[in-house]
Each structure stands twice: as C-alpha cells, then as structure tokens.
Amino acid sequence: MAEFFSAGPTGPETAFPQLTAREREVLDLVAAGRSNAQIAATLYLSPKTVRNNVSNVLAKLHVTDRAQAIVRAREAGLGR
C-alpha cells in the first residue's frame with residue numbers, strides 16, 4: 001500500500017511527460033474539440049503559435065493527425 005501512495009499522482013497532469021505545460025494545455029483543448037482559433041482565443045495566443053504547438057504535440061506523441069492525438073489524450077483523461 002505504501003508503494004501506491006509514494007508513487008505520486010497519475011492522471012491528466014502527469015500524462016505525456018514529454019510535453020511542455022503549454023503543449024499539454026493545447027492538447028487538452030484539442031481533445032475537448034476546440035478549433036485552433038478557439039484555442040488561440042482561450043489561451044491568448046496567436047493562431048500561428050497554436051498551430052506550432054499542435055504540430056509539436058503530434059510529433060512528440062508520434063501520431064499523424066489530430067484525431068489520433070484526441071484519442072490518446074482522452075485515454076489519458078484529458079479533454080473532459
């Protein structure tokens with residue numbers, strides 16, 4: 001039982017450790033069904049910055065498109 005509690009939290013905040021905090025935020029919004037324009041407005045970023053972040057997320061998750069990223073994110077508890 002001590003191992004379980006000492007392992008630390010596991011959930012959306014620790015999913016995908018290869019992503020930066022901003023990339024994780026963007027992925028969460030992508031998984032919630034938001035468009036790049038909506039993500040840009042929500043996070044006060046330019047649309048180009050959002051596109052760059054989405055591209056980085058796809059590369060780091062080794063997926064080829066947004067749909068695959070959404071599936072991986074939702075399996076990890078993001079986008080809810």
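Mentor: Let's take the labels one by one, keeping in mind that this is a predicted model.

Trainee: Then let's start with burial. Why is Glu-23 called buried?

Mentor: Glu-23 is found in helix H2. Its relative accessibility is 4%, and buried means under 20%, so Glu-23 counts as buried.

Trainee: What does Glu-23 touch, leaving out residues up to four places away in sequence?

Mentor: Its contacts are Gln-18, Asn-53, Asn-56, Val-57 and Lys-60. Contact here means heavy atoms within 4.5 Å.

Trainee: Asn-53 turns up in that list. Where is Asn-53 found, and why does it count as buried?

Mentor: Asn-53 is found in helix H4. With the cut-off at under 20%, a relative accessibility of 10% is why Asn-53 counts as buried. Beyond its neighbours within four places in sequence, Asn-53 is in contact with Arg-22, Glu-23 and Val-26.

Trainee: Why does Thr-49 get the label partly exposed?

Mentor: Thr-49 has its place in helix H4. Buried is under 20% and exposed is over 50%, with partly exposed in between; Thr-49 is at 31%, so it counts as partly exposed.

Trainee: Next, helix H5. Which of its residues are buried?

Mentor: Those are Ala-69, Ile-70 and Ala-73.

Trainee: How do you know that they are on the same side of H5?

Mentor: Look at the arc around the axis: they cover only 100°, which is why they are put on the same side of H5. The buried residues of H5 pack against H2 and H4. Just after H5, Gly-77 takes a positive phi of about 95°.

Trainee: What about the largest nonpolar core: how many residues does it have, and which have the most contacts inside it?

Mentor: The core has 21 residues, and those with the most contacts inside it are Phe-16, Val-26, Leu-27, Val-30, Ile-39, Val-54 and Leu-61. At least two residues come from each of H2, helix H3 (36–43), H4 and H5. As for Val-54, it touches Val-26, Val-30, Asn-36 and Arg-66, not counting residues up to four places away in sequence.

Trainee: How many cavities of 30 Å³ or more does the structure hold?

Mentor: The structure holds 1 of them. About 40 Å³ of space lies in the largest cavity. Helices H2 (21–31), H4 (47–61) and H5 (66–75) are the elements that give two or more residues to its lining.

Methods
Residues are numbered from 1 along each chain as its sequence is written. This is a predicted model: local features need pLDDT of at least 70, side-chain atom pairs count only at pLDDT 80 or more; totals for chains, interfaces and linings use all residues. Side-chain values use heavy atoms; hydrogens and water are left out. On a 1 Å grid over the protein atoms alone, a cavity is a set of points where a 1.4 Å probe fits but cannot get out, and a pocket is an open set with protein on both sides within 12 Å along at least five of seven lines; lining residues have an atom within 4 Å of a point. Grid points are joined across faces, edges and corners, and a volume is the space filled by probe spheres set on the points. Helices (H or I, at least four residues) and strands (E, at least two) are DSSP runs, numbered from the N terminus. A nonpolar core is a set of buried Ala, Val, Leu, Ile, Met, Phe, Trp, Tyr and Cys residues joined through side-chain atoms within 4.5 Å. Buried means under 20% relative accessible area, exposed over 50%, partly exposed in between (1.4 Å probe, protein chains only). The arc is that of the directions from the helix axis to the C-beta atoms.
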